[in-house]
Amino acid sequence: MDTDPIITDRWRDINSLLIAGNPLTTPHSEASPDTLSFLRDTCKILVIGAGGLGCELLKNIALLGIKDIHVIDMDIIDESNLNRQFLFRPKDVSRPKALVAAEFINKRIPGANVTGYYKKIQDFDVAFYTKFHIIVCGLDSIVARRWINSLVIGLLKYNAEGELDQGSIIPIVDGGTEGFKGNARVIIPSITACLECTLDLYPPQVTYPLCTIATNPRLPEHCIEYVKLFRWKKEEPFGANVQIDGDNPEHIQWVCDQSEKRANEYRIEGVNYRLTQGVIKHIIPAVASTNAVIAAACATEVFKIATSCAAYMDNYMVINDTDGIYSFTYAPEKKDNCIVCSGRKELLKFSEDAKLREVVEYLCDNPKFSLKSPGITTIINGHDKTLYMKTKALEQLTKPNLDLTLKELGLSDGHEIYVGDPNLSRTVVFIINFISEMEVNRN
């Protein structure tokens, strides 16, 4: 037992939550030294994201008595992070968020053992993720959420009778905030609706018509987008083929200066460094109080799942304190045809004369799939065939296939195609269903 009096009191408070008869406990829960031992010595938690919400999550989970915590974040600390990401100080600017956050928690909370990783979640293999009992997301990226959701569902195992191995389930506790609005949810793979089932709950990315950006800008954002899309490529201010880096102050300042010049031409006010960085990085405004509320909700769910001291949330909670305070919890239904968790193969209805390009565009534009850069393969006459793959090595070889019809590519009615995408951690199977031109027009 820890000898620090603060830590001893904390363990006493935690233990009181696990005592039989506590009003929060579920009928099947039992107070046991093993439960507390699991929480302290065995439970392994992965936190993805070390920004404003991630910092709050790390602090809350560590104070719950869970020692073995790992955190992944691919960003470095910017000066603008200091007003809302409370684990960072001016001396930490330009250092990786995950490493600094881990150091801070380990120093401040005796007994905590937080390990930080300055990497992308895609950099780790399946074996890494199977080590964790619960995965907690405090992300500002829907793409990353979809990827980890797909991966966790792909880890599920079934026996010969088709029964799910309960030990293969890794719950996801996900939180998100935007201004004075926030949400928290619990995803139990195969049992509750997964993130892909509720993809339409997330707002589409903000985009601006190209014609407006190029010829008739009306907002400061239009001027910034113009410089980002056209001037950067044309002038190549930092060398050929150098992409804009939203974390590079010199890149942001150049875009800001050029955007301000264009804004002056059209008598538009409001272009500044902060807005420029927000447009370039798609930054969503953050409010510290909202992060604190959502982090508290998520940490509570982690504790309930880890100890079974109370039923976990069922399973999606929203809070809005823009005008007053409003909160609501409901259970979204699983989609019978979810491409990630249903196990069913989705039908793609096209005529045999449709071009492969139409299939790719459909998979990207349809909100049901919202793929980013799908790669498509299939099996023809017993041999693997790559139809299209948007990688440096294969795009030039497979690009001509985009203008061929499905029939010309050797596909037939009922043919399976295998689609991979950066948004998903594993391949999804679709079935081509040929329909007549009349049915295509009707659809």
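**Exercise 1.** Find the volume of the second largest pocket and the residues closest to its centre.

Step 1: the volume is about 500 Å³. Step 2: 26 residues line this pocket, and H133, Q166, I169, P171 and I305 are the closest to its centre. A pocket here is an open set of points on a 1 Å grid over the protein atoms alone, where a 1.4 Å probe fits, with protein on both sides within 12 Å along at least five of seven lines; lining residues have an atom within 4 Å of a point.

By the way, this is a predicted model: local features need pLDDT of at least 70, side-chain atom pairs count only at pLDDT 80 or more, and totals for chains, interfaces and linings use all residues. Residues are numbered from 1 along each chain as its sequence is written, and side-chain values use heavy atoms, leaving out hydrogens and water.

**Exercise 2.** Sort the lining of the second largest pocket by residue type, and name the helix that gives the most to it.

Step 1: the lining divides into 14 nonpolar, eight polar and four charged residues. Step 2: helix α11 (residues 288-307) gives the most, with three residues. Helices are DSSP runs (H or I) of at least four residues, and strands (E) of at least two, numbered from the N terminus.

**Exercise 3.** Decide whether K390 is buried or exposed.

Step 1: locate K390 in the loop between β11 (383-388) and α13 (395-398). Step 2: K390 counts as exposed because its relative accessible area is 51%, and the cut-offs are under 20% for buried, over 50% for exposed and partly exposed in between (1.4 Å probe, protein chains only). Step 3: look along the chain to S373, 17 residues away from K390; their C-alpha atoms are separated by 6.8 Å.

Notes. Grid points are joined across faces, edges and corners, and a volume is the space filled by probe spheres set on the points. Ala, Val, Leu, Ile, Met, Phe, Trp, Tyr, Cys and Pro count as nonpolar, Asp, Glu, Lys and Arg as charged, and the others, Gly among them, as polar.
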